[in-house]
Amino acid sequence: MTNVSSVLAEIENLSLYQQTQILALLEERLISGSQVTQITKDVKEMRFSRGKVCPHCKGENILRNGKYNNKQRYICKNCKKTFSDFTNSATYNSKKTLDKWIKYAKCMLNGYSIRKCAEIVEINIATSFFWRHKLLNCISEFLGVGSVDGVVEADEVFFAYSYKGTKPINMPRPSRKRGKQVKKRGISKEQVCVGTALDRQGNLIIELLCTGRMTSEELKRLYINRIGEDSILCTDSHKSYMQFAEDMELEHKRIKRGKHKEDIYHIQHINSLHSNLKRWMSRFNGVATKYLNNYMKWHKWINTFSSEKESIRVKNFIVHSNISHNYTKIKEFKNSQPIFM
Ligand SMILES: [Zn+2]
């Protein structure tokens with residue numbers, strides 16, 4: 001008969017290393033168990049913070065409709081469809097348990113490859129790839145484009161256009177050797193321009209803007225109504241920003257290359273954000289352009305919530321990806337196109 005004291009006696013006989021292994025295992029179980037409870041509660045509270053909304057038609061006239069599998073069901077009086085607290089979230093309809101998703105989120109926050117995530121969570125590679133983008137589609141929606149205010153640094157960063165994952169028949173040119181980096185000089189339509197703006201509170205806008213060099217019109221399309229009225233725009237000497245700042249009636253500081261003034265007006269924060277982003281992206285061996293926005297949002301999320309401790313970040317990553325109503329079906333997913341803001 002096994003009881004606590006006999007188990008403890010057995011543990012005494014183990015080596016220190018084996019005891020540490022047991023401790024780690026127990027810790028993981030306990031944390032995961034309490035996380036599942038906490039996540040379910042947080043999703044419910046945050047998703048419907050302004051009252052229940054129907055995930056099918058956004059109707060607000062909602063009634064309780066009994067429980068199924070111990071989960072509360074609701075019915076929308078408008079479209080007559082039913083739903084639960086998790087309907088159309090990232091983990092909705094998953095045959096796997098929430099603790100697997102938590103493990104997966106932890107791998108993602110460590111920036112692991114699809115293969116490594118698959119091994120650790122014990123799911124197959126295709127599922128691993130699909131989970132990554134299901135989570136990121138929802139995280140993108142959760143983060144939205146955002147806004148910046150005050151002293152705003154703006155710049156752009158380029159990634160080689162990649163048709164990876166596109167059928168050869170739909171490709172305008174033969175594919176490049178994967179992961180080829182493109183230097184900023186000599187920008188062509190073969191490069192994707194990502195527009196970024198960062199303020200001193202850490203608010204970040206990061207969106208696919210266009211292919212090749214951006215124009216002031218493209219900048220306006222992205223940033224209109226997203227930069228606070230009395231903001232001071234700091235950029236490099238790229239001409240498009242001049243016209244843009246003038247059109248938006250923003251005070252504009254142009255920072256010359258290599259100039260490190262003591263002044264508060266500089267673009268060092270955005271420069272370091274870009275070098276971190278480039279370094280972080282290099283591990284993924286050339287991301288298909290249709291998924292690039294998801295990677296930008298992944299990095300934005302990591303950046304925004306970097307100060308929390310790991311267990312909180314893992315929990316929040318799952319909570320945030322389950323708040324938005326953005327359920328992706330496999331068939332929709334394969335036909336996706338890059339979205340330029
Ligand atoms: Zn409805």
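Reader: What percentage of the 341 residues in the protein chain is made up of buried residues?

Author: Buried residues make up 45% of the chain. Keep in mind that this is a predicted model.

Reader: What else describes the protein chain as a whole, in helices and strands?

Author: There are 11 helices and 8 strands. The C-alpha atoms fill a box of roughly 80 × 60 × 50 Å along the principal axes.

Reader: Now to the metal. Which residues are the protein donors of the zinc ion?

Author: They are Cys-54, Cys-57, Cys-76 and Cys-79, each through its SG atom, and they lie 2.3 to 2.4 Å from the zinc ion. Along the chain, the donors follow the spacing C-x2-C-x18-C-x2-C.

Reader: Why is the arrangement around the zinc ion called tetrahedral?

Author: Look at the angles: the 4 donor atoms subtend 103 to 115°. Four donors count as tetrahedral if all angles lie between 85 and 135 degrees. The angles here fall in that range, so the arrangement is tetrahedral.

Reader: What makes Cys-57 and Cys-76 a pair that ties together parts of the chain?

Author: Cys-57 lies in the loop between helix H2 (16-47) and strand S1 (62-68), while Cys-76 is in strand S2 (residues 71-76), so the pair links parts that are 19 residues apart in sequence.

Reader: Are Cys-57 and Cys-76 buried or partly exposed?

Author: Cys-57 has 30% relative accessibility, so it counts as partly exposed. Cys-76 has 0%, which is under the 20% limit, so Cys-76 counts as buried.

Reader: How do you know that Asn-93 is exposed?

Author: Exposed means over 50% relative accessible area. Asn-93 has 52%, so the word applies. This residue lies in the loop between strand S3 (82-83) and helix H3 (98-109), and Asn-93 has a positive phi of about 70° although it is not a glycine.

Reader: What makes Glu-122 exposed?

Author: The relative accessible area of Glu-122 is 59%, and the cut-off is over 50%, so Glu-122 is exposed. You will find Glu-122 in the loop between helix H4 (114-121) and H5, with a positive phi of about 60°.

Reader: How does the length of helix H5 compare with the expected one?

Author: H5 covers residues 125-143, and its 19 residues reach 27 Å from the first C-alpha to the last, close to the 27 Å expected. Just after H5, Gly-144 takes a positive phi of about 65°.

Reader: Why is Thr-235 called buried?

Author: Its relative accessible area is 0%, and buried means under 20%, so Thr-235 is buried. Thr-235 lies in strand S7 (residues 232-235).

Reader: What makes the link between the side chains of Thr-235 and His-252 a polar contact?

Author: The side chains are joined at 2.8 Å.

Reader: Which residues have the most contacts inside the largest nonpolar core?

Author: They are Met-281, Leu-292, Met-296 and Phe-317, in a core of 61 residues. H3 gives the most to this core, with 8 residues. Apart from it lies another core, of 22 residues, including Cys-210 and Leu-219.

Terms used. Residues are numbered from 1 along each chain as its sequence is written. Side-chain values use heavy atoms; hydrogens and water are left out. Donors are N, O and S atoms within 2.8 Å of the metal (3.2 Å for Na, K and Ca); water is not among the atoms, so sites may look incomplete. Four donors count as tetrahedral if all angles lie between 85 and 135 degrees; four count as square planar and six as octahedral if opposite donors are over 155 degrees apart and all others between 65 and 115; anything else is irregular. Helices (H or I, at least four residues) and strands (E, at least two) are DSSP runs, numbered from the N terminus. Buried means under 20% relative accessible area, exposed over 50%, partly exposed in between (1.4 Å probe, protein chains only). The expected span of a helix is 1.5 Å times one less than its number of residues. A nonpolar core is a set of buried Ala, Val, Leu, Ile, Met, Phe, Trp, Tyr and Cys residues joined through side-chain atoms within 4.5 Å. A polar contact is a pair of N or O atoms within 3.5 Å; within protein, one must be able to donate a hydrogen and the other to accept it, and residues adjacent in sequence count only if both atoms are side-chain atoms.
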